[in-house]
Amino acid sequence: MKTLAVFPGSFDPFTLGHLDVLKRACRLFGEVRVCVLENADKRAVFTADERVQMIRHVIGDEGLVNACADSSAGLTAQYAKSIGATHLVRGLRNAADYAYETEMEAFNRLLAPEVQTVYLTCGAKYAHVSSGAVRELARYGADIGTLVPERINKIVSERLIKR
Ligand code: PNS
């Protein structure tokens, strides 16, 4: 069976934790499409197009031949259905993530019961990494080199540092 997974998220910005999940998803599924979506609870710093471009560059740098990146202004479940996805992939860092993710999964399953949600737990190395922490550290000029892919480091630091 040919599998097509969507890895949805706000990715503002895409972190090394996200990359860890993406790399593992690429080994599990035939094709993985990273999809930048809106999170109603967050105000994004980067536009959807900027985030897609950054992710595309990382995919190229990492040689992830079965991955690509896209964006959607709609619902994750609708997007997954529209491209005939078989799976949704989400990363899990801790118990708080689990509670949030299982609630979201219930809505996604209601809207697209044919799409299976799969959770990939992230390695301990990335358990503390979040896009929010990256943005906060970057604002104060702290080194975010161990938190985001190299290519994204400069872009985020330049955009966010307080002048
Ligand atoms: O990286 P995030 O912010 O945890 O990702 C959350 C995201 C963007 C996947 C979620 O907010 C989402 O699916 N947004 C699109 C709109 C949608 O489908 N909402 C229903 C979720 S209950």
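T76 counts as buried because its relative accessibility is 16%, where buried means under 20% relative accessible area, exposed over 50%, and partly exposed in between (1.4 Å probe, protein chains only). This residue is found in helix α3; helices (H or I, at least four residues) and strands (E, at least two) are DSSP runs, numbered from the N terminus. The C-alpha atoms of T76 and N108 are separated by 7.3 Å, although the two residues are 32 apart along the chain.

The model is predicted: local features need pLDDT of at least 70, side-chain atom pairs count only at pLDDT 80 or more, and totals for chains, interfaces and linings use all residues. Residues are numbered from 1 along each chain as its sequence is written, and side-chain values use heavy atoms, with hydrogens and water left out.

**The ligand and its shell**

T76 also belongs to the surroundings of the ligand. There are 13 residues around the ligand, and the closest are S10, E38, N39, K42 and T76; a residue is near a molecule or strand if one of its heavy atoms lies within 4 Å of it. By type, the shell divides into five nonpolar, five polar and three charged residues. In this scheme Ala, Val, Leu, Ile, Met, Phe, Trp, Tyr, Cys and Pro count as nonpolar, Asp, Glu, Lys and Arg as charged, and the others, Gly among them, as polar. Helix α4 (residues 95-111) gives the largest share of the shell, three residues.

| Residue | Protein atom | Ligand atom | Distance |
|---|---|---|---|
| E38 | backbone N or O | nitrogen | 2.8 Å |
| N39 | polar side-chain atom | oxygen | 2.8 Å |
| K42 | side-chain N or O | oxygen | 2.7 Å |

The protein covers 81% of the 540 Å² of accessible area that the ligand has on its own. Accessible areas come from the Shrake-Rupley method with a 1.4 Å probe; for residues, only the protein chains shown count as cover. The space taken by the ligand is the largest pocket. On a 1 Å grid over the protein atoms alone, a pocket is an open set of points with protein on both sides within 12 Å along at least five of seven lines, whereas in a cavity a 1.4 Å probe fits but cannot get out; lining residues have an atom within 4 Å of a point. A molecule sits in a cavity or pocket if more than half of its atoms lie within 2 Å of its grid points.

S71 lies in strand β3 (residues 67-71) and counts as partly exposed because its relative accessibility is 27%.

**The loop between β1 and α1**

Most residues other than glycine have a negative phi, and most peptide bonds are trans. F11 has a positive phi of about 45 degrees although it is not a glycine. F11 is placed in the loop between β1 and α1, and its relative accessibility of 2% makes it buried. P13 is found in the loop between β1 and α1 (16-28). The peptide bond that joins D12 and P13 is cis, with omega about 10 degrees.

**Other contacts and pairs**

T3 is in the segment before β1 (4-9) and is buried, at 15% relative accessibility. A polar atom of the T3 side chain lies 2.8 Å from the backbone nitrogen of G30. R90, in strand β4, is buried with a relative accessible area of 17%. The side chains of R90 and E101 are joined by a polar contact of 2.8 Å.

K81 and V115 are 34 residues apart along the chain, with their C-alpha atoms separated by 7.6 Å. A85 has its place in the loop between α3 (76-82) and β4 (87-92), while K81 is found in helix α3. A85 counts as buried at 7% relative accessibility, and K81 counts as partly exposed at 41%.

Terms used
A polar contact is a pair of N or O atoms within 3.5 Å; within protein, one must be able to donate a hydrogen and the other to accept it, and residues adjacent in sequence count only if both atoms are side-chain atoms.
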